[in-house]
Amino acid sequence: MNRKPLTAAIIFIFTLWLGGSTSTLAQQYLQDSDNGVRLVDVTSLDSTFVLDIRYATTNNFTEKQMYDCGKCYLREPVAELLIQAQEDFREMGYRIKLFDCYRPRPIQYKLWEVVPDARYVARPWVGSVHNRGGAVDLTLVDENGNELEMGTDYDFFGEESHQDFTDLPENVLENRALLKKVMQKHSFSPIRTEWWHFDYNQNKLYPLSDLVWDCN
Ligand SMILES: [Zn+2]
């Protein structure tokens, strides 16, 4: 019996396996060449997050699709903290729904082309905390997947979205307060104008990044 075809088949299958595992790793992590802290796909570490990455759809304020597909990458320590927040919310019967996470700078330029207005979009040459992989846009959903009342939709640009706007129903104020309290406990800071946006406290540790994730 000639063993060569069998050997060739084993090598072929092994190569396929290696190739497959390499591409899986490449999708789980994005590695900056100039920084040791990887960007990790949060859902690869914890599958209980709900994803509604709006810039991967036309359901966002630009009405244009900005990402080829919706993914939530964050710097690894930021992802770990978000997972701790998710554990706290799960104990209360809620889960985090993610609207946006790391935003590659090429996409920031695309956004700026559509909306060149610094009130709504960070100047891409300055960059935003999203471009560092240190910010998340999120809300909470209940056990049935229904969003908790937060008073406005995501990316509603008006004073009703502000953290200090209090002319809202009591349950809305309570939901916003709960979101803020748990996020702050895990080292995230709110910003004044957007109830859905939180920055990791130490985000300046991370550079702006141009890496774009693979959709394959
Ligand atoms: Zn944001």
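Two residues are taken to be in contact if their C-beta atoms, placed from the backbone, lie within 7 Å. By this criterion, and leaving aside neighbours within four places in sequence, leucine 74 is in contact with Leu39, Val40, Val42, Ala79, Leu82, Cys101, Tyr102, Gly133 and Val136. The model is a predicted one, in which local features need pLDDT of at least 70 and side-chain atom pairs count only at pLDDT 80 or more, while totals for chains, interfaces and linings use all residues. Residues are numbered from 1 along each chain as its sequence is written.

The protein has six helices and eight strands, assigned as DSSP runs (helices H or I, at least four residues; strands E, at least two) and numbered from the N terminus.

Leu74 also features in the largest nonpolar core, which has 33 residues; Val42, Tyr73, Leu82, Leu98, Cys101 and Val136 are likewise among those with the most contacts inside it. Such a core is a set of buried Ala, Val, Leu, Ile, Met, Phe, Trp, Tyr and Cys residues joined through C-beta atoms within 7 Å, buried meaning that 20 or more other C-beta atoms lie within 10 Å of a residue's own. Helix H3 (76–91) is one of the elements that supply at least two residues of this core, and H3 gives the most, with five.

Turning to the sheet, five strands form an open arrangement of mixed pairing in the order E3-E5-E6-E8-E7, where pairing requires at least two DSSP bridges between strands. Strands E3 (50–51) and E7 (188–191) stand at the edges, each with a single partner strand, so one side of each is left without a neighbour in the sheet. Antiparallel E6 and E8 are joined by three bridges.

Key: Buried ≥ 20, exposed ≤ 12 C-beta atoms within 10 Å, placed from the backbone.
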